[in-house]
Amino acid sequence: METLATIWFVLIIVLWMGYLFLDGFDLGVGMLMPVLSRTERQKRVLLNTIGPTWDGNEVWLITAAGATFAAFPHWYASLFSALYIPLTLCLLALIFRAVAIEYRGKGHSAVWKSFWTWAIAVGSAGIAFFIGAMLAITSSGLPLNEHGDIVGGAFAWMGWPAVLGGLGGVGFALVHGLIFLGLKTQGDIREKAQRWARRLMLPGSIGFLIWFGLSITARPWLIALVVVAVIALVAAYLAVRSGAEKRAFALHGIYLVAGLAAVFAGAYPNVLPSTLDSANSLTIASASSSDYTLTVMLVVTAVFLPIIIAYQIFSYRMFLGRIAETHIPEAHRVPVAIRS
């Protein structure tokens, strides 16, 4: 049973890596919309860079949560009940951002567009913060009793790991979004994105670097993975300085993957440590579903996950080109057809 549970633990972490890598850049672009663009056309350039892919990227979030529920129901129950408030706020931020992206182009007044632009930014920042906080809490632990219930009230989750992970998530998304804009745009926006990526890459990575580094206290040999993450981050910074956006984007992803691998390898076999008593920690053995369930899920995943990945590769290849202000037509009103 532990072999299957270990496989699913790794798969769930891979899903979270995929979500942060893919949705991270469009969260960053969303946060940058009010500040990186001066004109309405520039804001539409930013929105068009993520327009074809942002909702597809969120599939990874849904899949990660669903896989946790099916493979580790006790982990899911303890985590989602303990983090009810931040997860509700994250869900509201997801809804707010999705509505804002769809509604922004429905009106034509400056007030309307400004409101929904800031809604995209606030929603994106909220998602990045709460997802980062949740993952940090998962690795650092919660005050769980022997029944897997949280002790200390509705805000027992609030502490330095949550703040560290939340700020780390926001910083990563901002930098990832800037690198992506350098990769996907032309002209003034590309130049500003490159300039701000150089300025923010190292400060924006402090939260995650501290979180990654803490994994060494659990297993000192994980310093190898942390060193890989640091080297990849420095290499990404040098690639941004030289204008090699593709290499920078890939290296920034390697930094994320190596760091998260260190964090959750350090937590293994715990899926949710207890800060009250290590005997109360949820492990892959105590939190997982039956062998039959895990086996069926593995077969289904082996069939459908490659299809999802192939579709996303196809969609990214379809919209591979750079976007410039000259590609954006003037805003115009569309007449409404009224059936008599």
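Colleague: Which residue's side chain meets that of Lys113 in a salt bridge?

Modeller: A quick note before the answer: this is a predicted model, where local features need pLDDT of at least 70, side-chain atom pairs count only at pLDDT 80 or more, and totals for chains, interfaces and linings use all residues. Residues are numbered from 1 along each chain as its sequence is written, and side-chain values use heavy atoms, with hydrogens and water left out. A salt bridge here is a side-chain nitrogen of Lys or Arg within 4 Å of a carboxyl oxygen of Asp or Glu. At 3.9 Å, N to O, the partner of Lys113 is Glu40.

Colleague: And how many residues apart are Lys113 and Glu40?

Modeller: Helices are DSSP runs (H or I, at least four residues), numbered from the N terminus. Lys113 sits in helix α7 (residues 110-140) and Glu40 in helix α2 (residues 40-50). The pair links distant parts of the chain, and the separation is 73 residues.

Colleague: Is Lys113 buried or exposed?

Modeller: Buried means under 20% relative accessible area, exposed over 50%, and partly exposed in between, with a 1.4 Å probe and protein chains only. Lys113 has a relative accessible area of 14%, so Lys113 counts as buried.

Colleague: Which residue forms a salt bridge with Glu245 at 3.5 Å?

Modeller: Glu245 is buried, at 8% relative accessibility. Its side chain meets that of Arg190 in a salt bridge at 2.9 Å, N to O. Glu245 also has a salt bridge in which the closest N and O atoms are 3.5 Å apart, and there the partner is Arg322.

Colleague: Why does the pair of Glu245 and Arg322 tie together parts that are apart in sequence, and how many residues apart are they?

Modeller: Arg322 is partly exposed, with a relative accessible area of 28%. Glu245 lies in helix α12, while Arg322 is in the segment after α14 (291-318), so the pair joins parts whose separation in sequence is 77 residues.

Colleague: How many salt bridges does a search of the whole structure find?

Modeller: Some of them form a network, which links Asp23, Asp26, Glu58 and Arg97. Searching the whole structure gives a total of nine.

Colleague: Which helix gives the largest share of the nonpolar patch?

Modeller: Patch residues have over 30% relative accessible area and no salt bridge; like charges are joined within 9 Å, and nonpolar side chains (Val, Leu, Ile, Met, Phe, Trp, Tyr) within 5 Å. This patch covers about 620 Å², and Leu91 and Trp112 are among its residues. Leu91 is partly exposed at 48%. Six of the patch residues, the largest share, come from helix α6 (residues 84-103).

Colleague: Which element has the highest mean pLDDT?

Modeller: pLDDT is the predictor's confidence in each residue, from 0 to 100. The chain averages 89, and 96% of the residues score at least 70. Helix α3 (residues 54-57) has the lowest mean among the elements, 87, while the highest, 95, belongs to helix α11 (residues 223-241).

Methods. Areas by Shrake-Rupley, 256 points an atom, 1.4 Å probe, with all protein chains shown as cover. Helix = DSSP H or I, 4+ residues; strand = E, 2+ residues; numbered from the N terminus.
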